[in-house]
Structures are given as structure tokens and as C-alpha cells.
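Hi everyone, thanks for coming. Please have a look at the sequence and the model on the screen, and then I'll walk you through them.

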Amino acid sequence: MPLPAQLLADPLPAEPLALAAEWLALARHRADQPNPNAMVVATVGTDGQPSARVVLCKEIVVDPGYICFFTNYLSRKGRELEAHPRVAIVMHWDHLHRQVRIEGRAVRAPAAESDAYFRTRPWQRRIGAWASAQSEPVASRAALQAAVVETATRFGTPVPGPEDDPAQAGAGEHIPRPPHWGGYHVYAETVELWLEGGSRIHDRARWTRALRWPERASATDETARPIIAGAWQATRLQP
Ligand SMILES: Cc1cc2nc3c(=O)[nH]c(=O)nc-3n(C[C@H](O)[C@H](O)[C@H](O)COP(=O)(O)O)c2cc1C
């Protein structure tokens, strides 16, 4: 079903993330793509080299204004974020003719939040989180499978198959979160919303705000020393 032509409100909304969350909810509702919450996350290496990959957006939290995703803290992106927390994110829904761009800084989610989310994951994925040293080289596919078998044996579960087997539901519910796996909160400093317009006259606006970022922000810092955000300033941009 085609979407009605839409424009950003004029004057612009005071803050952008509620609208971004609405667009994400709409994409999820329409289910036109297998992973409507897929987003590209770009990080920067210590040599200044950007790298980008797709991850799943777990949530957009409008107040205080961050995007949450989960990953391996020792992966390339994890190591880059620990050294340099600046992040750029792109979400794109082709069929909705919309794009969201976010720039900001990432901090680890509190451990209790990562624990709670890990508990909701199917046990086969919990095995995967322990078995895969994400981003590290592996000698062969067989060596990776051997790591999966070793992990399943260690936790006393069946070996996960290519498909989830309902008969094995709950087999590994006791598997705890690995310390190297968890969430990041990307606090937004800049958000750009883009809507496709007729004749390529797209509708585009950017919101910016200042973040007070505690030095060496870490999971504990986020709860002990909250990140304070200033008010959003909105600007309409030429397409
Ligand atoms: C649709 C899709 C969803 C993905 N979701 C995640 C995710 O939520 N977390 C994650 O760590 N990797 C996810 N990946 C894999 C990443 O793209 C990437 O291969 C992996 O995180 C390693 O990246 P790095 O070596 O740059 O750290 C996903 C890939 C695709 C294609």
C-alpha cells in the first residue's frame, strides 16, 4: 500500500527521537522487511579509519535520548568504541521513503540491563555469544562448529542445530551472560530526519544538542554520573 506523501511539521517538532521511534514502530508494524530495526553503525579506529556494519536497534529511548544495541564488547566495533566512543548511525526504510541519521557517543549499558536482555534470548543464541570470539580469525568453519560443541558440552545443553528445535526449548535457560557481551547506549548529539519528496525535493531537518559527557564514561559511570543533555535545536536543511 503506498504511503501518503508526508512532510516534517512546520515549525519542526521540538525533539526528533519521538518521531524516529514512531518511524521505527511503523516499519516494524508494516513488516515489509525481515529486520526493520536493522541499522548501520559506524565507529572509528585509533588510526582514524571509519568502519561500518549492520546491527539491530533494540530500542530508541526518547528520554534521555539514546539508541540501544547489543554486541560483543571485544569485537572490532567494541574495541573501537572503548577507545573512541563517537558513533554514526543510519536507519533506512526504502519502502517508507525515510532515513534517520544519528551522531553521538556510546557508553556501555548497565550490566543489569544487559543481563535482563540476555535472559530473553533463545538459549541457542546464548551459546553463540559464548562460542564466538566475534571479529577474531578462525581457522575453518569446522573449528567454529567445534567451539559451539565445546560450549554446549560445557553448559550441558544439546548442540544448537541450524533451526530452533521446539523439543529443545529451554535447554539452556541457565546460561549466563558472558562478561564480554552486552548493550551500548548511543546518546544522540545530532539527529537528522529525511523524507523523500516529489521531484527529489526531499524534506530534511537536523536537531543538535550538547551532551555533558563524564570523563572515561563507562557502565558504572552512566548510573553513578549521568550524562546530561542540553535542549534540542532544530534546523530545516536543503535536500
Ligand atoms: C541484519 C543483521 C543484523 C545484525 N545484528 C547484529 C547485532 O545486533 N549485533 C552484532 O554484534 N552484530 C550484528 N550483526 C553482524 C554485524 O553486522 C557484524 O558482522 C558483527 O557485529 C561484527 O562486526 P565488527 O567486526 O565490525 O565488530 C548483524 C548483521 C546483519 C546483516
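Which domains does the domain assignment of the chain give? There is domain 1 (17-116 + 179-237), and there is domain 2 (123-168); such bounds come from an automatic or database domain assignment.

Before going on, some housekeeping. This is a predicted model, where local features need pLDDT of at least 70 and side-chain atom pairs count only at pLDDT 80 or more, while totals for chains, interfaces and linings use all residues. Residues are numbered from 1 along each chain as its sequence is written.

Back to our domains. Their centres, taken over C-alpha atoms, are separated by 29 Å. Domain 1 puts 5 residues into the contact and domain 2 puts in 4 residues; two residues are in contact if their C-beta atoms, placed from the backbone, lie within 7 Å.

Now the overall layout. The chain has 6 helices and 10 strands, which are DSSP runs numbered from the N terminus (helices are H or I, at least four residues; strands are E, at least two). Of its 239 residues, 27% count as buried, that is, with 20 or more other C-beta atoms within 10 Å of their own, those atoms being placed from the backbone.

What about the largest nonpolar core? A nonpolar core is a set of buried Ala, Val, Leu, Ile, Met, Phe, Trp, Tyr and Cys residues joined through C-beta atoms within 7 Å. The largest one holds 31 residues, and Ala-20, Ile-67, Ile-89, Val-186 and Ala-188 touch the most other members. Strand 6 provides the largest share of this core, 7 residues. Leaving aside residues up to four places away in sequence, Ala-20 touches Ile-60, Val-100, Val-191 and Leu-193. There is also a second, separate core of 8 residues, and Trp-130 and Trp-181 are among them.

Next, the ligand. How many residues are around the ligand? There are 16, and Thr-71, Ser-75, Arg-76, Lys-77 and Ser-135 come nearest; to be near, a residue needs its C-beta atom, placed from the backbone, within 6 Å. Strand 2 gives the most to this shell, with 5 residues.

Last stop: helix 5, residues 141-155. This helix has 15 residues and reaches 21 Å from its first C-alpha to its last, close to the 21 Å expected; the expected span is 1.5 Å times one less than the number of residues. After helix 5 comes Gly-156, with a positive phi near 70 degrees.

Notes
A residue is buried if 20 or more other C-beta atoms lie within 10 Å of its own, exposed if 12 or fewer, and partly exposed in between; C-beta atoms are placed from the backbone.
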